[in-house]
Amino acid sequence: MLAQSGLTDLLRNQTKQLHAQWMAELAAGLRADSRIGATELSEQTGEFLRILSEAAREGVWDGPQSPQLRPVLSFLDEVSRSRAIRGFTPEETATFVFSLKRPVFDHLRRRFEADPKTLADALWTATELIDSLGIHTFKAYQRTREEVINRQRTEMLELSTPVVKLWEGILALPMIGTVDSARAQTVMESLLERIIETGSTIAIIDITGVPTVDTLVAQHLLKTVAAIRLMGAECIISGIRPQIAQTIVQLGITLEGVTTRATLADALALALRRSGQTIAGTRPS
Amino acid sequence: MERIPILRMGKFLLITIQVDMHDTTALALQDDLMAKIARSGARGVLIDISALDVVDSYIGRMIADISMMSKLLHARTVLVGMRPAVAITLVELGLSLRGVKTALDVEKGMELLAAALEDGDAADQD
């Protein structure tokens, strides 16, 4: 009890000194730079200590899960969120909380110098508290990073399926990047929708930007081709690089009934011919 | 029992399916259509399913069957107006209706039938 009261007393009554020491500690490891200004950092640490001291005022806590720590945890959520978004490294984010250890330990040592047993207890209580806060910070940081990654994934999914109109009645879909089931599905849907919208009779899927074609990718392509045919349009697959042609045959994939061309230009020429259109040069050669 | 109307347009028959078909309706359509092809000597059948949101495997197979049966009676079948969602479902079901000709809409379907008729007549004369 005495050990814990030492800590709560420190948090409650010596916030100012603690803040100054903490800032000094942070300045050594985590300098204020373009990502976060010195004033903002100081405000953040001040606010954190204020909330922590309020939590201490509520009385004894029985471990890191106690309810009075909730405001502290939600404040830390906010802090690590903003850090993750501003591009701080995990170490830098964790240092924010862990650097509080030395000032707290210093205070406790001065206070319980004469009583090693209580000092050990007090240090343990403080460590437990700061560690749990640190781990919480880290968890929040991780969560935010995952959110960012997920958002980028959906954005990429949207970016990577542009259906372009090449000519009257001819659509093209340049596929870039790895094809997985989710992407293949999006690609198929957006292409089919555009075929209906534009009334195009020929669709070209260009796979120049697809790094590898395995059985799964081939299966997705075949499905898309079949669906396009069912709707009453034709599909040409272009951009099959020499290595890809070799892989396809070596894997034993049969792209039977699918028209393929090496380049998008060849595919466009074929599409124009099939739809009965020609391009004539303006200058006699 | 509901019957799907079969309209005659020159040498072609036009079927527009606008209600979700039950199995019995589908069978009745099959019967009616074959009788009508035989009686009228139609050379092409155009099936418009642009109003259908759902096509199950039974209806899918029925369309494939109709196409093959019509061929035996010397009429070509063109399936038009399939919606993207329906196309995706049929492909996922493994029904790619290989023997059936398709077109985007009724107009393009008619062009296809007319072109096929000309080719066929030319071939007959050879």
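## A buried arginine

R83(A) is buried, with a relative accessible area of 1%; buried means under 20% relative accessible area, exposed over 50%, and partly exposed in between (1.4 Å probe, protein chains only). R83(A) lies in helix α4 of chain A, residues 70–86. Helices are DSSP runs of H or I with at least four residues, numbered from the N terminus. The side chain of R83(A) is joined to that of Q44(A) by a polar contact of 2.6 Å. A polar contact is a pair of N or O atoms within 3.5 Å; within protein, one must be able to donate a hydrogen and the other to accept it, and residues adjacent in sequence count only if both atoms are side-chain atoms.

## Basis of the model

This is a predicted model, in which local features need pLDDT of at least 70 and side-chain atom pairs count only at pLDDT 80 or more, while totals for chains, interfaces and linings use all residues. Residues are numbered from 1 along each chain as its sequence is written, chains are lettered from A and ligands numbered from 1 in the order in which they are written, and side-chain values use heavy atoms, with hydrogens and water left out.

## The interface between chains A and B

Chain A brings 18 residues to the contact and chain B brings 17 residues, where contact means heavy atoms within 4.5 Å. The area buried between the two chains is about 1500 Å², and carbon and sulfur atoms give 64% of this area. Buried area is the accessible area (1.4 Å probe) that two parts lose on being put together, summed over both. In chain A, the residues that lose the most area to chain B are R229(A), L230(A) and M231(A), together 43% of what that side buries.

One salt bridge is counted between chain A and chain B; the side chains of K223(A) and E92(B) meet in it at 3.1 Å, N to O. The term denotes a side-chain nitrogen of Lys or Arg within 4 Å of a carboxyl oxygen of Asp or Glu. Seven residue pairs are in polar contact across the interface, both residues being at pLDDT 80 or more. On the side of chain A that touches chain B, α8(A) gives the most, with seven residues.

## The nonpolar cores

A nonpolar core is a set of buried Ala, Val, Leu, Ile, Met, Phe, Trp, Tyr and Cys residues joined through side-chain atoms within 4.5 Å. The largest has 68 residues, of which I195(A) and M82(B) touch the most other members. To this core α9(A) gives the most, with eight residues. A second, separate core of 33 residues includes L18(A), F88(A), V104(A) and L133(A).

Notes: Helices (H or I, at least four residues) and strands (E, at least two) are DSSP runs, numbered from the N terminus.
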